[in-house]
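Please keep the sequence and the model in view while working through the numbered points.

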Amino acid sequence: WYQRRVRGVSETSLFSASADKSLVQWDLTTYTVLRSTSLNKAISKMTTSDNYLFTGSHKFITVWHKDSLSKYSVMEELSHWVRALAVKEDRLYAGVHASVMIWNAVSLEKLNSVEVGGVIYSIVVTDQWMVCGTKETLEMRSLRDPVGDYTLLSGGSTRADFSTVYCLDYTESGGYTRLFSGNSDCIKVWNLDRKIQCQTLDRHQGTIACVSVLKGKLYSGG
C-alpha cells in the first residue's frame, strides 16, 4: 500500500512522491518539473496549506515551504504510519493509526487528539464535519465537538461488507453537502446533511486510490 504514488495539489503546482523516495514539484501551467528533492523515508500521504506542504510517513510529518521545497520543520515523533492528512482553514488533521491528531497549521501547535473506531485511511473536513474513512466504517464527527458523539455512515451495509475507505472528497451544492468515498471496488456518494448513501458509482475494476472534485466534476483513479 505504501508503494503507491502520492500526490498533492495547490493552485499552480502538483506535488508527487513515490517508492523511489523522491519528492517532486510540477508546474501546472507548463507541466514541467520545477524542483525535486531526495528523501530518507517513503511518503504515505501529503496535503497543502497556503504556505506549506505537509508530508506523512512512518511516525513523522514533515513540513516544507511550498515555494522552495525546502524543509521547514518535522513534527513530533508519532506512534504509527500517517495514512491520512487534511487541512481546513488553519487546522491540520492527521490520521495516525486509530487517532486523529489536530494541529494549528501555522504555528504547528498540537491542539487535540481524537480516538476513532478503527485504523484511519482517509480524512476529509467540511465546514461542519470531520469524516474519517477506516477499514470498516465512515465515521462522521462535528467540528464543534470532535471528541463527543459521532455518527457511523453505513448506507444500509454491515461492518462485515463495508470495505476500507481509501479516499474522500466532498462538494457543497444545491443546499446540501455531498461526500464521495472510494474503496476497493466502487465510489459511494453520500448526503452528509441527511447522513445517508444516495448513489454508487461502480465503473472501476479495482481499488479506488483517489477521488477529487474540481469545478463541478468528479475525478477518480486507481
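1. Cysteines. The sulfur of Cys-186 lies 11 Å from the closest cysteine sulfur, which belongs to Cys-167, and this is too far for a bond. For Cys-198 the closest cysteine sulfur is that of Cys-186, at 13 Å, again too far for a bond. A disulfide is a covalent bond between the sulfur atoms of two cysteines. The rule applied here requires a pair of cysteine sulfur atoms within 2.5 Å, and by this rule the count is zero disulfides.

2. Basis of the note. This is a predicted model, in which local features need pLDDT of at least 70 and side-chain atom pairs count only at pLDDT 80 or more, while totals for chains, interfaces and linings use all residues. Residues are numbered from 1 along each chain as its sequence is written, and side-chain values use heavy atoms, with hydrogens and water left out.

3. Aromatic residues. How many aromatic pairs does a search of the whole structure find? The search finds three. Rings of Phe, Tyr and Trp (its six-membered ring) pair if their centres lie within 6.5 Å; planes under 30 degrees apart count as stacked, over 60 as edge-to-face, and the rest as tilted. One of the pairs is Tyr-52 with Phe-54, an edge-to-face arrangement with 6.2 Å between centres and 70° between planes. Both Tyr-52 and Phe-54 are buried. Another is Tyr-52 with Tyr-72, which is stacked, at 4.9 Å centre to centre and 20° between the planes. Tyr-52 lies in strand β6 (residues 52–56) and Tyr-72 in strand β8 (residues 71–74), so this pair ties together parts that are 20 residues apart in sequence. Strands are DSSP runs (E, at least two residues), numbered from the N terminus. Tyr-52 has a relative accessible area of 11%, while Tyr-72 is partly exposed at 41%. Tyr-52, Phe-54 and Tyr-72 form one aromatic cluster.

4. Thr-55. This residue also lies in strand β6. Is Thr-55 buried or exposed? Thr-55 is buried, with a relative accessible area of 4%. The side chains of Thr-55 and Trp-64 are joined by a polar contact of 3.0 Å. A polar contact is a pair of N or O atoms within 3.5 Å; within protein, one must be able to donate a hydrogen and the other to accept it, and residues adjacent in sequence count only if both atoms are side-chain atoms. Leaving aside residues up to four places away in sequence, Thr-55 touches several residues, among them Ile-43, Met-46, Phe-60 and Leu-85. Contact means heavy atoms within 4.5 Å.

5. An open sheet. Four strands form an open sheet in the order β13-β14-β15-β16, with antiparallel pairing. Two strands pair if DSSP finds at least two bridges between them. The edges are taken by β13 (120–125) and β16 (150–153), each with a single partner strand, so one side of each has no neighbour in the sheet. Strand β13 pairs with β14 (residues 129–134) over five bridges; the bridge partner of Ile-123 in β14 is Cys-132.

6. Strands β17 (residues 167–173) and β18 (residues 176–182) are antiparallel partners over seven bridges. Which residue of β18 is the bridge partner of Glu-172? The partner is Thr-177. Two residues separate the strands of this hairpin, in which Gly-174 takes a positive phi near 65°.

7. Leu-69 is found in the loop between β7 (61–65) and β8 and is buried, at 6% relative accessibility. Glu-89 is found in the loop between β9 (82–88) and β10 (91–96) and is exposed, with a relative accessible area of 70%.

Technical notes: Buried means under 20% relative accessible area, exposed over 50%, partly exposed in between (1.4 Å probe, protein chains only).
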